[in-house]
Amino acid sequence: MSIAAAPPASSLLRQAVTTTTTQAAGNRVHLKNLEQLFRNRGAVQSGSDGAGAAPVQPVVPAGRKRSQQAPLLRLPSFLARARGEVREEQPNVSPRRLERVLRPAASDGPSPRGNIAASWRQLHGEHDWRGLLDPLHPDLRREIVRYGEFVDAAYGAFLAQPDAAPGDRVRLPLHDGAYRVTAPLFATSSVGLPTWLAAAAPCAAQRTSLVGYVAVCDCPAEVRRMGRRDIVIALRGTCTVLEWAENVRAGLVPATDAASAAASPDEPTPKVECGFWNLYKTAGDGSPSLSEMVMSEVRRLLNKYEGEEVSITVTGHSLGAALAVLIADELSGRGAPAPVAVFSFGGPRVGDRAFAARVEDRGARVLRVVNAHDVVPRFPPARYADVGRELRLDSRASPYLRPDADAACCHDLEAYIHLVDGFLGSHCPFRANAKRSILRLLENQGGNVKQLYISKAMDMRICLDGVVGADMPSSPRALGRVEVA
């Protein structure tokens with residue numbers, strides 16, 4: 001396994017400031033508390049008495065170590081739902097298909113990736129994805145799923161290292177081995193707690209947390225297939241106490257930068273949500289802000305690959321989707337010499353109409369992937385506007401999910417990727433030949449999956465609590481590493 005070495009003090013990632021033992025354990029304690037609180041979300045119920053089924057040993061491929069169970073952190077729902085409220089219809093799915101989607105990986109491998117060198121600009125939003133969304137173009141579907149997996153890797157990196165700080169050795173495993181991680185990204189909350197309160201609540205003491213990474217495609221064959229060298233910025237959603245505190249600061253603040261300073265004084269000042277802006281622009285103790293980290297690293301990569309065809313893709317889920325729009329806006333405003341596109345999943349509204357207009361005027365292309373039953377994209381409701389194009393999905397169209405799936409499931413990243421993988425069009429059934437395994441859906445949202453698939457998984461002796469990461473790449477090539485300039 002490849003481990004990223006700590007960069008020198010002169011690099012983008014400065015040495016972390018020494019903290020107390022109590023503060024260093026903050027996020028880890030927070031994750032353990034949430035894991036205990038929401039562990040019953042994935043519990044499997046069976047039998048007439050409602051007793052939980054005894055766990056069985058998972059089927060783990062030969063030569064692969066079992067990964068540690070990650071905490072369940074996907075917008076936990078506090079709304080209890082009584083079982084039996086909705087009668088489940090038995091889907092017409094063949095036994096062979098059931099076995100295929102319940103394997104850690106499809107037996108015939110992932111969906112094939114065709115050559116997109118001639119059409120990558122359209123897939124990247126050159127014409128606002130006109131004619132590609134409904135019905136959904138197969139190449140665009142694969143691209144969206146692929147960028148969703150980059151976000152999933154950002155979640156995995158944080159859950160494995162919740163106390164990571166700028167300057168630490170960071171391990172960033174990626175699903176796509178054609179990409180190499182060049183820099184981890186950290187976001188700092190502007191909310192500070194009094195010393196006495198931080199000591200009493202150590203889970204809320206850590207202001208700076210690992211929020212994502214920058215990666216670049218460095219595989220010659222993949223560069224030829226895609227028709228360009230792709231720079232990816234991937235960002236996870238809310239995971240820490242102080243990030244939640246920033247989320248509820250819904251007041252609008254001016255989104256000013258160097259490029260907007262030259263705008264006409266008669267034009268309305270673009271404004272964005274206060275909490276998102278603070279997480280994006282606040283510097284940590286001895287570390288730059290998320291904005292400075294991203295701009296510095298992207299500038300370095302653009303200089304390194306000057307003269308090549310390059311694209312910049314920003315992708316995120318939930319809070320990460322909001323930060324992705326802010327990043328794309330700044331990159332475009334600074335005149336990045338490469339097309340900038342955003343693929344967001346379940347993102348909230350970021351700013352007002354003036355901000356949405358500025359993002360589009362600057363040339364950034366935004367594709368918002370939205371579940372019709374997810375409440376997060378509807379907020380904040382007043383004075384805010386959506387940015388870019390929308391790909392609307394419906395969790396009730398999935399033959400695997402319960403029709404009364406709760407708020408946590410409707411917002412879950414894996415549920416989003418699952419829905420994209422099966423989406424053909426707004427008036428079409430779920431894709432019959434979708435290959436993505438539903439094991440992770442069972443792991444994250446077991447209580448929201450139809451009983452048929454839970455029973456079949458138990459019959460196949462798959463332990464829902466023991467297969468986290470079973471379909472993660474085991475090759476060292478697929479593990480990200482940090483490049484030090």
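Trainee: Does D128 count as buried, partly exposed or exposed?
Mentor: A word on the source: this is a predicted model, where local features need pLDDT of at least 70, side-chain atom pairs count only at pLDDT 80 or more, and totals for chains, interfaces and linings use all residues. Residues are numbered from 1 along each chain as its sequence is written, and side-chain values use heavy atoms, with hydrogens and water left out. Buried means under 20% relative accessible area, exposed over 50%, and partly exposed in between (1.4 Å probe, protein chains only). D128 has 30% relative accessibility, so D128 counts as partly exposed.

Trainee: Which side chain meets D128 in a salt bridge?
Mentor: A salt bridge here is a side-chain nitrogen of Lys or Arg within 4 Å of a carboxyl oxygen of Asp or Glu. For D128 the N to O distance is 3.5 Å, and the partner is R365.

Trainee: How many residues apart in sequence are the parts that D128 and R365 tie together?
Mentor: Helices (H or I, at least four residues) and strands (E, at least two) are DSSP runs, numbered from the N terminus. D128 lies in the loop between α4 (120–123) and α5 (138–160), while R365 lies in strand β9 (residues 365–371). The pair therefore ties together parts whose separation in sequence is 237 residues.

Trainee: Which residues form salt bridges with R368?
Mentor: R368 is buried, with a relative accessible area of 14%. In another, at 3.3 Å from N to O, the side chain of R368 meets that of E390.

Trainee: Which residues are linked in a network of salt bridges?
Mentor: By the rule above, the count comes to 26 salt bridges. A network of them links E143, R146, D176, E222 and R225.

Trainee: Which side chain of opposite charge is nearest to E273?
Mentor: E273 lies in strand β6 and is buried, yet has no salt bridge. Its side chain does reach the backbone nitrogen of F276 at 2.8 Å, a polar contact (a pair of N or O atoms within 3.5 Å; within protein, one must be able to donate a hydrogen and the other to accept it, and residues adjacent in sequence count only if both atoms are side-chain atoms). Lys and Arg count as positive and Asp and Glu as negative, with His and the chain ends not counted. At 7.6 Å from E273, the nearest side chain of opposite charge is R249.

Trainee: Which residue caps the N-terminal end of α14?
Mentor: Helix α14 (residues 413–422) is mostly covered, with ten of its ten residues buried. At its N-terminal end, a side-chain oxygen lies 3.0 Å from the backbone nitrogen of E414, and the capping residue is D412.

Trainee: What separates the C-alpha atoms of A117 and V223, in Å?
Mentor: A117 is in the loop between α3 (95–101) and α4, and its 31% relative accessibility makes it partly exposed. A117 and V223 are 106 residues apart along the chain, and the separation of their C-alpha atoms is 8.7 Å.
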